[in-house]
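Q: I have a structure open on my screen and would like to learn how to read it. Can we take it feature by feature?

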Amino acid sequence: MNLLKIKNTLLSVFKWLLICALIGFFSGSASAFLLVSLEWAATIRANTIWIIWLLPIAGLLIGLSYYYYGAVAVRGNNLLLEEYDKPKAKIPFIMAPLVLFGTIATHLFGGSAGREGTAVQMGGAIADQFTSLFKLDGAERKTIIILGISAGFASVFGTPLAGAIFALEVVYFSKITLKSTILSFIVAYFAYYTVDIWQVKHTHYAIPNVPDFNFEILLWIIPVSILFGLAAMLFSRSTHYWGALFTKKIKYAPLRPFIGGTVLAFTIYFIGTTKYIGLGVPMIVESFSTPSNYYDFLLKILFTGFTLGAGFKGGEVTPLFFIGATLGSALSLFIPLPIALLAGMGFVAVFSGATHTPIACTVMGLELFGIQSGIYIGTACFIAYLSSGSVGIYHAQIVKGAKYHLYEKIKRKKLDLF
């Protein structure tokens, strides 16, 4: 009997290691292809600026592809969260090629978007195909979805620890088992090393000067972090606003990105700069050494919210990095802290506020910038998380914990006043 139990345990361990290896390899490979494709798209766009005038046509093609082939997949990251919370049907594999095509087209022709959503959706779609292949039950399917999110996030940003924690935290550790937790870390490293095997490099950032932490510095960090939280709130509400407006005013879905692309193309032409389209990585890197304009983060919020709200594809996280880094950089003109430290704090804190994931964002900050800035990064992430409101970038995300209780208390006080 004991031998049979040992045999079954070993078979289960082997099965899940194999699943992690397969998800990690395929998701990591998809992310590697995405990263190379986006770099190619950015280069082509920079050298062929007139291509932006084709953005409406690209938008129409994206809209039509989802209208006819991706009626379910169009829900994006929210579909993953919905299927985790209340499983109904397998995530369609077509989500992966659709979001990959849509994201590359968005970036190539001049939209403002990120890449995290794309990688996570590809990871989730790839992972869920193994549910039927390995004949997994409902509880095991929850684990599969976590593995897909973990692999996609870890591979696209090169942060395996943050990727594993993000996958657990974005579902608010709901119905998480020890097995899911361990496997989330394993698959994150499989995906991370897969990108490394393909010799695709991630952008590196540095905070060279970190002052000693003291009470006076804390008094500066608190208001700065609240501003990061408010920027996250503005981004989330802006994206939802534009999405609702396009849905209300334009009933035929494929026309939304076509009209949105037309507005974007003319806007880019009249403002005379392409700084606020694409990923914006060059401006993020620059913000760590040169103070950004006070309006840079606002324009990125506007461009990205409008792009995604119109129906173009891509993630929100890299634009959130842009928003936070440039806001922190601009504040360095008034706040007596090193510019790179403020940019780094904003980089992860705005992301923390918009996704309700302060733990993952703190860990990401440690992976990207080093442990010496940890207390600054962690403080900024948790304050921004608490001050960013109850609405994040994901409609289907469950918001509980300290933030949930804080805003419920605020609501009750408002009701008592009336």
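A: Let's start with T239, which is found in helix α9 (residues 215–249). Helices here are DSSP runs of H or I with at least four residues, strands are runs of E with at least two, and both are numbered from the N terminus. Keep in mind that this is a predicted model, where local features need pLDDT of at least 70, side-chain atom pairs count only at pLDDT 80 or more, and totals for chains, interfaces and linings use all residues. Residues are numbered from 1 along each chain as its sequence is written, and side-chain values use heavy atoms, with hydrogens and water left out.

Q: Is T239 buried or exposed?
A: The label rests on relative accessible area: buried is under 20%, exposed is over 50%, and partly exposed is in between (1.4 Å probe, protein chains only). T239 has 12%, so it counts as buried.

Q: Which residues is T239 in contact with, leaving aside its neighbours within four places in sequence?
A: Contact means heavy atoms within 4.5 Å. By that rule T239 touches G305, L308 and G309.

Q: How do I read a pair of aromatic rings?
A: You describe it by the distance of the centres and the angle of the planes. Rings of Phe, Tyr and Trp (its six-membered ring) pair if their centres lie within 6.5 Å; planes under 30 degrees apart are stacked, over 60 edge-to-face, and the rest tilted. The structure holds 30 such pairs. Take F288 and F369: their ring centres are 5.8 Å apart and their planes sit at 40°, so this pair is tilted.

Q: Where do F288 and F369 lie?
A: F288 is in the loop between α11 (281–287) and α12 (296–310), while F369 is in helix α15 (residues 358–369), so the pair ties together parts that are 81 residues apart in sequence. Both are buried: F288 has a relative accessible area of 9%, and F369 has 4%. They also belong to one aromatic cluster, along with F153, F157, F166, Y205, F321, F347 and F351.

Q: And zooming out, how many helices and strands are there in the protein chain?
A: You'll find 17 helices and 0 strands. For overall packing, look at the radius of gyration, taken over C-alpha atoms, against the globule rule of 2.2 Å times the number of residues to the power 0.38. The chain comes out at 21 Å, close to the 22 Å that the rule gives for 418 residues, so it is as compact as a globular protein of that length. Of those 418 residues, 57% count as buried.
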